[in-house]
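Reader: Hi, could you walk me through this one? I'd like to start with how the helices meet.
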Amino acid sequence: MKIAMLSPFERTCLHWISRGWTVADIALIEGKDTAEIQACVERAVISLNADSVEQALEKMKLTRSD
């Protein structure tokens, strides 16, 4: 099985989402626009060939804690 290559920032965003952070939370902490964070998450979902953020988290063996 081919392992998806995510950027370090894509991994970070998925990690924080799994911890219950919102896109707005991540944007505030990272000093980025919410659109940038949303695009990063969407790229990660596509790279992982997932249908949703939840499925992407499952593929990364992360679980949402909220």
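Author: Happy to. One term before we start: contact here means heavy atoms within 4.5 Å. Helices (H or I, at least four residues) and strands (E, at least two) are DSSP runs, numbered from the N terminus. Keep in mind that this is a predicted model, where local features need pLDDT of at least 70, side-chain atom pairs count only at pLDDT 80 or more, and totals for chains, interfaces and linings use all residues. Residues are numbered from 1 along each chain as its sequence is written, and side-chain values use heavy atoms, with hydrogens and water left out.

Reader: Thanks! Which residues in H2 meet H3?
Author: From H2, Val 23, Ala 24, Ile 26 and Ala 27 meet Thr 34, Ile 37 and Gln 38 of H3. By class, that contact has 5 nonpolar, 2 polar and no charged residues. Here Ala, Val, Leu, Ile, Met, Phe, Trp, Tyr, Cys and Pro count as nonpolar, Asp, Glu, Lys and Arg as charged, and the others, Gly among them, as polar.

Reader: And at what angle do H2 and H3 pack?
Author: Helix H2 (residues 23–30) packs on H3 at about 115 degrees, and their axes are 8 Å apart. The axes are lines fitted to C-alpha atoms, for helices over the stretch in contact, with angles running from 0 to 180 degrees between N-to-C directions.

Reader: Zooming out, how many helices and strands are there in the chain?
Author: The chain has 4 helices and 0 strands, in the pattern α-α-α-α along the sequence. Of its 66 residues, 29% count as buried; buried means under 20% relative accessible area, exposed over 50%, and partly exposed in between (1.4 Å probe, protein chains only).

Reader: How many residues are in the largest nonpolar core?
Author: That core has 16 residues, and those with the most contacts inside it are Cys 13, Leu 14, Ile 37 and Leu 48. H1, H2, H3 and helix H4 (53–59) each give two or more residues to this core, with H3 giving the most, 5 residues. A nonpolar core is a set of buried Ala, Val, Leu, Ile, Met, Phe, Trp, Tyr and Cys residues joined through side-chain atoms within 4.5 Å.

Reader: Nice. What does Cys 13 contact, beyond its neighbours in sequence?
Author: Leaving aside neighbours within four places, Cys 13 is in contact with Ile 26, Ile 37, Cys 40 and Val 41.

Reader: Then tell me about Cys 40: is it buried or exposed?
Author: Cys 40, in helix H3, is buried at 1% relative accessibility. Not counting residues up to four places away in sequence, Cys 40 touches Phe 9, Glu 10 and Cys 13.

Reader: Switching to charges, how many salt bridges does a search of the whole structure find?
Author: The search finds 1 salt bridge. Glu 10 forms it with Arg 43, the closest N and O atoms being 3.3 Å apart. Glu 10 lies in helix H1 (residues 8–18) and Arg 43 in helix H3 (residues 34–47), so the pair ties together parts that are 33 residues apart in sequence. The term asks for a side-chain nitrogen of Lys or Arg within 4 Å of a carboxyl oxygen of Asp or Glu.

Reader: What are the accessibilities of Glu 10 and Arg 43?
Author: Glu 10 is buried, with a relative accessible area of 7%, whereas Arg 43 is partly exposed at 43%.

Reader: Last one: what is the phi of Asn 49?
Author: Asn 49 has a positive phi of about 55 degrees, although it is not a glycine. Most residues other than glycine have a negative phi. Asn 49 sits in the loop between H3 and H4 and is exposed, at 63% relative accessibility.
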